[in-house]
Amino acid sequence: MALRFNRPFGAQIKAISFDLDDTLYYNDEVIVRAEQAQFDAVCERVPAAKEVGIDPWIALKWQLAIDDPEIRHDVTHWRKTMIRQGLAMFDLSGHDIEALNSHIFDVFYTARSDFVVPQQTFDVLAKLAERFPLIAATNGNADIERIGLAPYFAAYYRAGQPGVRMKPYPDMLIQAAEQLDIAPQHILHLGDNSETDVGAALNAGCSSLWFNPEQKINPLSHLADGEYSDLDDLLQLL
């Protein structure tokens, strides 16, 4: 579908903010592979982990978020805490756990950014960047240098940086407005998650477009200004 609007933008758009994961590339399989790479690295250094299997590690990650919801604001800290506590299940010294934690996180992080961004993404960003400053605002921690997206963005914000909570908190978009020296209502934020991305835009006073490739129903509680199903649809903004 082409761009479909629920209401007009509240102000002239002077900058565009993008979510990353599942907005500019698909992320689910990447994370599955990275989780497996992490577990393989654990088993290489701690053979007894093979008997336990990967499932308890995945469960531990989500249990940490239940026990301490604030940990979700920084996925890097969350991941390192999960690895540290997982390693504590085995007969390891505190020094060994810290050394292994650093190594195993590096394995995960390398695999987490080991994928190819679709050429369409680069093409659309390049055309939009000719007219608008682009920013990245993500709850994740993909390495935008490694995946090749850094040159297209005037600024990059991620949850877990000092003073930055995860979307739907407005922190990233407010910081972007301050850095660009424009009012938040002049920023258009785009993302695939109606709760976090559209919610952050609403909370910051920005406009929003929901990336909806499956053409789901936009919840009225997080109603975006409009939606699109293909990145090429965004060229209508030019």
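Asp225 is buried in the predicted model, with a relative accessible area of 6%; buried denotes under 20% relative accessible area, exposed over 50% and partly exposed the range in between, with a 1.4 Å probe and protein chains only. Residues are numbered from 1 along each chain as its sequence is written. The model is predicted, local features need pLDDT of at least 70, side-chain atom pairs count only at pLDDT 80 or more, totals for chains, interfaces and linings use all residues, and side-chain values use heavy atoms, with hydrogens and water left out.

Asp225 is located in the loop between strand S6 (207–211) and strand S7 (226–228); helices (H or I, at least four residues) and strands (E, at least two) are DSSP runs numbered from the N terminus. A polar contact of 2.5 Å links the side chain of Asp225 to the side chain of Arg7. Such a contact is a pair of N or O atoms within 3.5 Å; within protein, one must be able to donate a hydrogen and the other to accept it, and residues adjacent in sequence count only if both atoms are side-chain atoms. Apart from neighbours within four places in sequence, Asp225 is in contact (heavy atoms within 4.5 Å) with Phe5, Asn6, Arg7, Pro8, Phe9, Cys206, Ser207 and Ser208. The loop between S6 and S7 also holds Gln215, a residue other than glycine whose phi is positive, near 55 degrees.

The largest nonpolar core has 31 residues, and those with the most contacts inside it include Ile16, Phe18 and Leu234. A nonpolar core is a set of buried Ala, Val, Leu, Ile, Met, Phe, Trp, Tyr and Cys residues joined through side-chain atoms within 4.5 Å. At least two residues of this core are supplied by each of strand S2 (15–18), helix H6 (119–129), strand S3 (134–138), strand S5 (187–191) and S6. The largest share, 4 residues, comes from H6. With residues up to four places away in sequence not counted, Leu234 touches Leu3, Phe18, Val124, Leu128, Leu190, Leu209 and Tyr228. A second, separate core of 21 residues includes Cys43, Trp78, Leu87 and Phe90.

Helix H8 (residues 194–204) is largely enclosed by the rest of the structure, because 8 of its 11 residues are buried. Helix H7 (171–180), S5 and S6 are among the elements covering the buried residues of H8. At the start of H8, a side-chain oxygen of Asn193 reaches to within 2.9 Å of the backbone nitrogen of Glu195. Gly205, with a positive phi near 85 degrees, follows H8.

Helix H4 (residues 75–87) and helix H5 (residues 94–112) pack at an angle of about 130 degrees, their axes being 9 Å apart. Axes are lines fitted to C-alpha atoms, for helices over the stretch in contact, and angles run from 0 to 180 degrees between N-to-C directions. H4 is therefore oblique to H5; angles under 35 degrees count as roughly parallel, over 145 as roughly antiparallel, 65 to 115 as roughly perpendicular and the rest as oblique. Helix H1 (residues 28–45) packs with H5 at about 150 degrees, with axes 8 Å apart, and H1 and H5 are therefore roughly antiparallel.

Lys167 and Pro168 are joined by a cis peptide bond, with omega about 25 degrees. Pro168 lies in the loop between strand S4 (155–158) and H7.
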